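Please look at the sequence and the structure before reading on.

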Amino acid sequence: FGGPDNIRLSYASSMENLEKGIDRIADALSKLKPTLASRKVKLDNCFTSVTRRVSPRVDLADGVRDGMVAEAEEHLPHHHYFEWNANIGGVILQLRTNVRHLYDFWMENWYPALIESDLEPHGVIYAVDGVPGREPSAYYHPESRTALIFNSSYYGQCKSMALGMVADISERLLDVHGVYGACVDIGGEGTLLLGAKGAGRRRHFYGLLEQHDVSFVTEDWLNVRYRGGKAQADNVERKVYLKTRLANDYPNFARLFEASRCENVVMKRAYCEDHQCQLGECALDHGDPFCFHGATSSRVMVDPVWFGGPDKYVRRTALGRVVLFTDDRKSPPLSSIDADEALAMMRGSAGASGGLSSSSPLDTSSYFTRHPVVHVSVPTPVSARTDGAGPPFFNPHLLVSRPERLDTQERYFRYLLRLVPCFLINSSAGPEDTVQARLRELVRGK
């Protein structure tokens with residue numbers, strides 16, 4: 001121990017004591033672990049037991065609707081009742097719920113409406129959790145414009161029902177066309193991006209936003225009004241409800257999401273759904289308090305102004321072109337198509353037939369026989385489309401798919417496609433950067 005290159009660790013008086021001391025040092029060293037690069041972030045996150053939307057039924061008889069409303073109101077006690085009126089593109093929808101999480105997201109998502117006691121909304125959504133004997137389910141009664149959601153606190157269900165009701169009500173009462181799609185703006189001229197799931201619409205939409213002169217309008221829903229030979233498109237949302245997995249492809253989004261309300265963000269590795277992450281090292285193992293891309297159901301409510309300031313966000317734009325995305329190796333990379341051809345593509349997504357969202361009306365002959373409030377057991381809905389096609393006009397939020405309602409949608413789209421030019425982009429025709437370059441030239445009118 002007397003050498004200059006050594007450090008004396010023990011002053012033991014015997015070899016036996018020296019060996020005991022070295023054993024204790026070896027045991028302590030074996031228990032050392034690398035220091036975690038931890039950080040403290042208080043994430044406003046809520047977990048929901050249901051993480052997926054369920055298909056709503058729309059074939060309710062009047063008696064069943066009345067019974068379900070009575071059942072919902074039974075589980076809305078005065079001491080645990082939340083209510084808020086939202087103005088969604090001119091349609092006043094009222095949420096009635098016993099779930100604080102849905103109430104908070106609802107108020108953030110939409111612009112508030114007047115709250116006078118005598119204000120009658122255009123439609124009402126009952127979102128009730130904790131109903132015994134019920135599976136997560138959703139229903140819509142078009143005649144009374146009433147939606148009911150049972151045993152689901154997942155906000156995606158509530159938002160989808162709201163947009164479907166807005167489409168149903170506004171197209172009948174306000175002559176407003178509801179469109180499911182993304183939209184960007186350059187110098188006051190908008191480009192509407194449409195496409196089926198998996199065609200690359202969202203991916204290329206966010207690629208466009210990386211350009212300094214491209215402004216965000218919406219990534220989900222537009223209200224289109226036809227005035228003076230132009231199609232004016234409005235974003236009806238105050239904030240946008242996004243998948244947090246976007247932070248994986250766009251790291252700058254992560255700090256925006258951290259300051260926003262979140263839903264179902266993974267905070268423990270046991271809940272992670274990313275198989276590649278599970279096979280390797282997870283960020284949660286290295287001190288990260290949460291993972292934005294660990295679950296497909298993870299969502300965030302973020303202010304679109306945060307994407308780049310007021311200049312990167314536009315609420316209203318005049319549509320100058322429509323872009324349809326396809327993933328077909330036989331189609332040309334970029335082509336101009338006429339209204340009839342584009343409409344045929346959108347109509348083809350509806351499958352061979354329209355119809356209701358379920359097989360047959362419910363039997364209500366003995367509904368109120370025994371109890372003032374009856375817990376109805378509803379058969380599982382059977383879709384009218386059995387060919388594996390997507391929703392009509394790429395729109396998963398449409399609640400009513402009766403032939404007359406689909407005819408109204410087709411009439412609106414025919415008018416839109418004859419008013420503004422339409423282009424087809426094949427997202428599988430070349431590398432992603434090449435497809436994105438074609439799209440950037442197109443939205444700039446080149």
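**Basis of the report**

The model is a predicted one, so local features need pLDDT of at least 70 and side-chain atom pairs count only at pLDDT 80 or more, whereas totals for chains, interfaces and linings use all residues. Residues are numbered from 1 along each chain as its sequence is written, and side-chain values use heavy atoms, with hydrogens and water left out.

**Salt bridges**

A salt bridge here is a side-chain nitrogen of Lys or Arg within 4 Å of a carboxyl oxygen of Asp or Glu. The count by this rule is 27 salt bridges.

| D59 | R57 | 3.1 Å |

In the pair of D59 and R57, D59 is buried at 6% relative accessibility, and R57 is buried at 4%.

Helices (H or I, at least four residues) and strands (E, at least two) are DSSP runs, numbered from the N terminus. E108 is buried, at 14% relative accessible area, while R261 is partly exposed, at 23%.

D234 is in strand β13 (residues 230–234) and R316 is in strand β17 (residues 316–326), so the pair links distant parts of the chain, 82 residues apart. D234 is buried at 9% relative accessibility, but R316 is exposed at 54%. Salt bridges that share partners also join D44, R100, D104, E108, K239 and R261 into one network.

Which residues cover the faces of strand β16 (residues 299–302)? R299 and M301 lie on one side, V300 and V302 on the other, and all are buried.

Two strands pair if DSSP finds at least two bridges between them. Strand β14 (residues 240–243) pairs with β16 in the antiparallel sense over four bridges, and L242 has V300 as its bridge partner in β16. β15 is also antiparallel to β16, joined to it by three bridges. Here R261 stands opposite M301.

**The six-stranded sheet**

Six strands form an open sheet in the order β4-β2-β3-β5-β7-β6, with mixed pairing. β4 (111–112) and β6 (137–141) stand at the edges with a single partner strand each, so one side of each has no neighbour in the sheet. Inside this order, strand β3 (residues 91–97) and strand β5 (residues 123–128) run parallel and share five bridges. L95 stands opposite I125 in β5.

Two helices are described against these strands. Contact means heavy atoms within 4.5 Å. Axes are lines fitted to C-alpha atoms, for helices over the stretch in contact, and angles run from 0 to 180 degrees between N-to-C directions. α3 lies across β2 (82–88), β3, β4 and β5, at about 25° to β2. Helix α4 (residues 155–173) packs on the sheet and touches β2, β3, β5, β6 and β7 (146–150), with its direction at about 150° to that of β3.

Key
Buried means under 20% relative accessible area, exposed over 50%, partly exposed in between (1.4 Å probe, protein chains only).
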